[in-house]
Amino acid sequence: MSDDQKKPVDEKPSRSSGKGSRSSNRGVVTGVLSAVVILAAGGGAVAATSMMPGPTGGSTMDIRQADVPAGRALGVCPEPARLVNGTVVGTDADFSPVSTTAASALNAVVLSNPAGTVPGSNVTSLGGDPVAEIAKAPTSTPTPTAGPPVLAAGVASISPVTSPAVVGADPLGNEQASLAANLSYSATDGDLRGLASTQCQSPGNDAWLLGANTAVGRTAVLNLSNASETPATVNLDLFGEQGQIQAPGARGLLVAPGTTRSVNLAGLAPSESQLVVHVRSTGGPVAGTIQQSVLRGLAPGGVEYLSPGAGASNLQVMSGVDIQDPAATKALTGKSGFADASPALQIAVPGSTDAVVQVSLYGANGERKLPSGGVVTVKGGSVATVDLEGIPAGTYTVKASSDVAFVASARVTRGAKAEEATDFAWSPSSARLGSQHLVAVPRDGQRYLSFGVPEGRGTVTYAPVAADGTVGKSVDVDLSGGTTSLIELPAKSGDSLVAGYVVSASGDPIYGALVLGKQGRADVSVVAIQDAAAGLEKVPVSVGH
């Protein structure tokens, strides 16, 4: 880590066993269905009003805010990295698709309320079968008293991981619980050599996944998991360098409750070196992750989970963009098959209007100018890649802005010799940090928190969560505008291993990411810090007669 820092679609439905065992995730389904009923009723009222003449008598009351009961918080974790079916198994262990050193772990953290009460929480299979208990449901919920909060946590670690899992936590005091879970995979041999890590996702109906590549030697498998009791119908919008890709097999994908559907993206968009996937589902919400791997001849080029970033917007910010020695990177990318072994920014424009995007980088010592000037025009409906070569080694925050909405993600690469293993990661765009984000971390390897402040000035506060459930003393860090700070994290808090961090930010916008690695190896992975728990939500309700 630097100081300055057309073959058919391969679909694989899998279902967890356990008849009648899906009650553990039923709360979120009830909440989703309730919301659908409310919205449908509201939509019906609007439609009726627009078609019928207004009443001659009666009145409409002021719009009021109605409380929406907090639902069960969920994090859906994909299975560890696996080879696509049909890959030929070799006999040389160094290049065999079968790894003898692959290791995986799921680390889950559930935070208490300000009074120190940890909500009932557990880890289940995707089908609802119990895997591990994090905390028992409390018999009572004490009311927080005046003064600083007294935080505690429930923690669970599972290793090895053999299938998709769901981390769930019940609401407390009508506020959604704060949870985070991290799935990590690593191997030192085989075709899937490298490090991959992802935060387990809250299911949703709309997500953007950038960084996929289906060119020769590249494999991209989209995994769609449905942890609800409602079938999900998924449509995929695919975008490439030449524009939107029309693939009939990308429409109407059914994901049954309690299952994962895996789609080899090469069957939908072959030979696409810049592929962006927009996942939209109706019915049940889904969690989507792309397992991306690279094989350059016989040399493994890394593995990573591509996770959703922020939705289309006029501003996208990515932190934790670690750039190694530019001279070594230039020499490597000049070799055949290594063109994608350089740091880069990928931009996709969903609409039909071209976007003129201004790109800025902020490192430890301030802003660094791109050799190209940092301005790029991306055609509407297409994907473009901006090389970040020529930037001094260090860890950066990348800011991209335009008058046209777009999505973006930044590629991080590691390794400088063609004859040795290399690895890569993608840092998806993230939301501005607010109060009490929970970040789960792997329990081994190198771990760093990267914070960037594009403008102004801000303060970030972070506190370790130990494996025994204690929350350690918080640390405040003042950050200057136009800079990025990289903070190395210790392995322990007191006598216990660190399982996560509670992160808060104030002042001007701050963005953060978790940067992971392995000592003495080229392994790298980047995980954007997720949004904080929503808590108690309100919706406007208009009542008339």
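I counted the secondary structure and noted two helices and 37 strands in the protein, where helices (H or I, at least four residues) and strands (E, at least two) are DSSP runs numbered from the N terminus. The model is predicted, with local features needing pLDDT of at least 70 and side-chain atom pairs counting only at pLDDT 80 or more, while totals for chains, interfaces and linings use all residues. Residues are numbered from 1 along each chain as its sequence is written, and side-chain values use heavy atoms, with hydrogens and water left out.

I then looked up burial: of the 545 residues, 52% are buried, meaning under 20% relative accessible area with a 1.4 Å probe and protein chains only.

Next I searched the whole structure for aromatic pairs and got two; rings of Phe, Tyr and Trp (its six-membered ring) pair if their centres lie within 6.5 Å, with planes under 30 degrees apart counted as stacked, over 60 as edge-to-face and the rest as tilted. Tyr-462 and Tyr-501 form a tilted pair, because their ring centres are 6.0 Å apart and their planes stand at 55°. I noted that this pair links distant parts of the chain, 39 residues apart, with Tyr-462 in strand β30 (residues 457–466) and Tyr-501 in strand β34 (residues 496–507). Tyr-462 counts as buried at 13% relative accessibility, and Tyr-501 is buried at 2%.

Last, I traced an open sheet of four strands, ordered β3-β8-β5-β6 with antiparallel pairing, where two strands pair if DSSP finds at least two bridges between them. Its edge strands, each pairing on one side only, are β3 (73–77) and β6 (130–135). Strand β5 (residues 121–125) runs antiparallel to β6 and is joined to β6 by four bridges, and I found Thr-124 opposite Pro-130 in β6.

Notes:
Buried < 20%, exposed > 50% of the residue type's maximum accessible area, 1.4 Å probe, protein only.
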